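Please look over the sequence and the structure shown below before reading on. The briefing that follows treats a few topics in turn.

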Amino acid sequence: MTPALLADLVRAAASDVMTRRGLDLAALPADVGVERPRNPEHGDYATNVAMRTAKKAGVSPRDLAGWLVEELTGKGGIASAEIAGPGFINLRLATDAQGAIVSEVLAAGDAYGTGDELADKNVNLEFVSANPTGPLHLGGTRWAAAGDALGRVLTARGAKVTREYYFNDAGAQINRFVDSLVAAAKGEPTPDNGYGGAYIHDIAAQVLAAEPGALESPDRDEVFRRVGIDLMFVEIKQALHDFGTDFDVWFHEQSLHDSGAVETAVNRLKTSGQLYESEGAWWLRSTEFGDDKDRVVIKSDGNPAYIAGDIAYFLDKRSRGFNLCIYMLGADHHGYVGRLKAAAAAFGDDPAVVEVLIGQLVNLVKDGKPVRMSKRAGTVVTMEDLVEAVGVDAARYSLIRSSVDSSLDIDLDLLTKKSNDNPVFYVQYAHARLASLARNAADLGMTPGTELGLLEHPREGDLIRTIGEFPAVLASAAELREPHRVARYLETLAAAYHKFYDSCRVLPMGDEEISDLHRARLALCVAARQVLANGLAVLGVSAPERM
RNA sequence: GCCCCCGUAGCUCAGGGGAUAGAGCGUCGCCCUCCGGAGGCGAAAGCGCAGGUUCGAAUCCUGCCGGGGGCACCA
């Protein structure tokens, strides 16, 4: 019996009891469920439904719990039900009912854990979107890992997801990038406010190699802009691809200006009265939608401000059919939340279609002290640096496993030591062990058994119940946009497996005969391996057969 | 000044109201005659402070303290 089914059973029982006793069913919360108690003495599962319902229903929690225990006792699959503490109901499952979770995993295979509650969501997931003025740094790398994992989580729960990268290839930063390239090509020092990294010289040299006459060309800046930005695009795309993060759409801000989309969007807002003119500029009444001040959309020199591109971009996304636009931004952009929602509202759209996830920044730490990323000090860490130091799996995993709400410290020493003390190995090792076990079992001609009621060792029960949690973990990770929950779950699952393995022999020893218990345990192992593989896939981390 | 995030073990982080707060790393001790010891078992060690809501608060609310990041007709 899965926890979801058990929760249904508990709800139904509560509903029956309350009806029979003439209690108001409205007192029964819609979201009552079961949880796994920390303390094994409190049963396999526990429910707090009595405590949550009693007051509104006008009865005492212990009384209600008592009636529920009576109702639940003897139901199919439930071995025992008892009252505990202030009104908890502790439940134990019959081992054969519990073992059914294993069969379910085996039957579902790769699909175990998936769901369809997000099937009506057509999601535009925009993340990374770093300016093409340099290689991706640790910050962008964090979003590349977490954003991609979020995309996979949403997909697993039924959403249609389009991953999108927005290149800000219009505007002043790009001009500075181009000026820096030209200066480097001429062997001149980096201009003020320019970009001075070594990659600038590389790219400048590549531009010259591709277009030998570039410096003398009358369209010099245009050549450097076109070729230089292209090279930067290619480099960023390649780095992301090598990192296991691929985008469906690479969107160029410039295209919005070239196509007239910006002008169209702005005119629409002018017509609908959402923009007003003041001091020679056109302003969006974003304060009416929660922003702390109105924003300039068209500057007094007639040029569009940055937000004009955002507005047109949002309209473009909506015109492509997306009904949920998720933006993953760094903490230094949190001021955007209000104006992005305001842009949606200004078009008469529901601001809820705009969801902005603000992630905190990545800090570098050395010897326990923070170090600033500095090109001169050689402490700029790029995506490639991180991958080179620890590998893609460990890099992705360590960036995904914490909530993006907390800022993250990355230890420079850890990178240089190429240390192996990453929890990803703990999880991957469990998978590799299971793969090895499967090979050995195959050599013995063993097949997974069906007498799953034989799995009555406490650690077998723990493992089965942990496996049973996976669908709910994926569902909450998707709902809350928190892929780190999947990583933490996998660590719990790996621990449950390692503990099981330590005390439950799966394969026969020596010339011992193969028993039903051996085969049942093998089935459990196949299921455990499946869930580890499914979970790792959701994180974009490999599930190795051997390590 | 205003806004956002964070403050949990020596360190890096989990814990979206529930019973005795967890993991990894680090420290100390124990466990290999057979399925992978990248493992298991045990020990020491913690919710910034003060109020409030609740049968029950690390979790929700308020204030304070501490850390990070924002508050452009830049992009």
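In this predicted model, a polar side-chain atom of Gln173 lies 3.4 Å from a sugar or linking oxygen of RNA strand B, where a polar contact is a pair of N or O atoms within 3.5 Å. The model is predicted, so local features need pLDDT of at least 70 and side-chain atom pairs count only at pLDDT 80 or more, while totals for chains, interfaces and linings use all residues. Residues are numbered from 1 along each chain as its sequence is written, chains are lettered from A and ligands numbered from 1 in the order in which they are written, and side-chain values use heavy atoms, with hydrogens and water left out.

**Polar contacts with phosphate**

- Ser436 places a polar side-chain atom 2.9 Å from a phosphate oxygen of RNA strand B.
- For Arg459, a polar side-chain atom is found 3.2 Å from a phosphate oxygen of RNA strand B.

**Surroundings of the RNA**

- There are 68 residues around RNA strand B, and Lys299, Tyr336, Arg433, Arg488 and Met509 come nearest, a residue being near if one of its heavy atoms lies within 4 Å of the strand.
- Of the atoms of RNA strand B that come within 4 Å of the protein, 59% belong to sugar and phosphate.

**Positive phi values**

- Val128, which is not a glycine, has a positive phi of about 65°, and Val128 counts as buried at 10% relative accessibility, buried meaning under 20% relative accessible area with a 1.4 Å probe and protein chains only.
- Arg481, also a residue other than glycine, has a positive phi near 55°, and Arg481 is buried with a relative accessible area of 16%.

Terms used: Polar contact = N/O pair within 3.5 Å; in protein donor to acceptor, adjacent residues only side chain to side chain. Buried < 20%, exposed > 50% of the residue type's maximum accessible area, 1.4 Å probe, protein only.
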